[in-house]
Amino acid sequence: MTKNAKKKKSASSREQKFFNKWRYLFQFIITHWCYMIRLKLVYRLEVHGKENIPQGNAYIVAPNHLSTLDPPMIAGIFPRPVAFMAKRELFENPFMRWWLNWLGAFAVDRDNLSVSTIRTVLTISKTDWVFGIFPQGTRQTPGVISNVTKGFASLAKTTKCGILPVGIVGSQDAKYIPFSGKIIIKIGELIPYSDNVDDMVEKWLNSIQNLTGFKCEISEKV
């Protein structure tokens, strides 16, 4: 196995001890403090539906995706640390690999979920962390819900975790002047896990449409 291959494998395979208090503290400082200052000052961030967040961690955080702001922003509004999947290419850059590692992220091949990735998701469910995933895989055009994969629902079935839909509106525009932007986040009701993957995907799509007002384009991938 080459050196790069080993790095990619290690970035997707996380043991329980990886999700420790030091990474929790690092993520908390970066997301709850550093990012929240900008989000509240510049984007006038509004969060609705916090009462829908389950008390435990037997759920998957599943937002729509508009911006690079989305992962730290979502982590910054949840009471538990959130471990997001990130495309494996990001881990090829030494600084990004260090940064993502400390934020508790792990690598995924968007075209093929590896066994190590599935094991990592199962590991997260045994910790105080919550697993986060963007069902669209990558950033999408505002106003449209498209390119949705079914992998998030399959992982919900595997881990027996419900899916918590989170609607994001307004994070796509880069703003720097105070009070020049507007981001609204709406947390929906938990979608219970089931053996019917297609049904969970459909419920997520319907929920995200209601939370964001975006129109759904039927283009789900396997």
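Which residues is I185 in contact with, leaving aside its neighbours within four places in sequence? In this predicted model, I185 is in contact with L45, E46, V47, H48, M73, I74, I77, V166, G167 and I168, once neighbours within four places in sequence are set aside.

**Nonpolar cores**

I185 belongs to the largest nonpolar core, which holds 56 residues. Together with I74, F78, F131, I163 and W204, I185 is among the residues that touch the most other members of this core. Helix α7, spanning residues 197–212, gives the most to the core, contributing 7 residues. Apart from this core lies another one of 6 residues, including A11, A86, L100 and A105. As a general background, nonpolar side chains in soluble globular proteins tend to be buried together.

**Helix α3 and its cover**

Helix α3 (residues 70–77) is mostly covered, since 7 of its 8 residues are buried. The buried residues are D70, P72, M73, I74, A75, G76 and I77.

**Packing of α5 against α6**

Helix α5 (residues 115–124) packs with helix α6 (residues 151–159) at an angle of about 55°, and their axes lie 10 Å apart. That angle makes α5 oblique to α6. The crossing of α5 past α6 is right-handed. On the α5 side, I118, V121 and L122 take part, and they meet L155, T158 and T159 of α6. By class, the residues of this contact comprise 4 nonpolar and 2 polar, with no charged residue. In general, an α-helix has 3.6 residues a turn, so residues three or four places apart point the same way.

With a relative accessible area of 1%, T117 is buried. Neighbours within four places in sequence aside, T117 is in contact with S12, M85, F106, A107 and V108.

W99 is found in helix α4 (residues 94–102). Its relative accessible area of 22% makes W99 partly exposed, because the limit for a buried residue is under 20%. Leaving aside neighbours within four places in sequence, W99 is in contact with F26 and I30.

Where do R44 and K160 lie? R44 is found in the loop between α2 and β1, whereas K160 lies in the loop between α6 and β7. Phi of R44 is near 50°, a positive value in a residue other than glycine. Phi of K160 is near 60°, likewise positive in a residue other than glycine. R44 counts as partly exposed, while K160 is exposed.

The relative accessible areas of the individual residues discussed are collected below.

| Residue | Relative accessible area | Class |
|---|---|---|
| T117 | 1% | buried |
| W99 | 22% | partly exposed |
| R44 | 36% | partly exposed |
| K160 | 52% | exposed |

Key. Residues are numbered from 1 along each chain as its sequence is written. This is a predicted model: local features need pLDDT of at least 70, side-chain atom pairs count only at pLDDT 80 or more; totals for chains, interfaces and linings use all residues. Side-chain values use heavy atoms; hydrogens and water are left out. Axes are lines fitted to C-alpha atoms, for helices over the stretch in contact, and angles run from 0 to 180 degrees between N-to-C directions. Helices (H or I, at least four residues) and strands (E, at least two) are DSSP runs, numbered from the N terminus. Angles under 35 degrees count as roughly parallel, over 145 as roughly antiparallel, 65 to 115 as roughly perpendicular and the rest as oblique. A crossing is left-handed if the near helix is turned anticlockwise from the far one by less than a right angle, and right-handed if clockwise. Contact means heavy atoms within 4.5 Å. Ala, Val, Leu, Ile, Met, Phe, Trp, Tyr, Cys and Pro count as nonpolar, Asp, Glu, Lys and Arg as charged, and the others, Gly among them, as polar. A nonpolar core is a set of buried Ala, Val, Leu, Ile, Met, Phe, Trp, Tyr and Cys residues joined through side-chain atoms within 4.5 Å. Buried means under 20% relative accessible area, exposed over 50%, partly exposed in between (1.4 Å probe, protein chains only).
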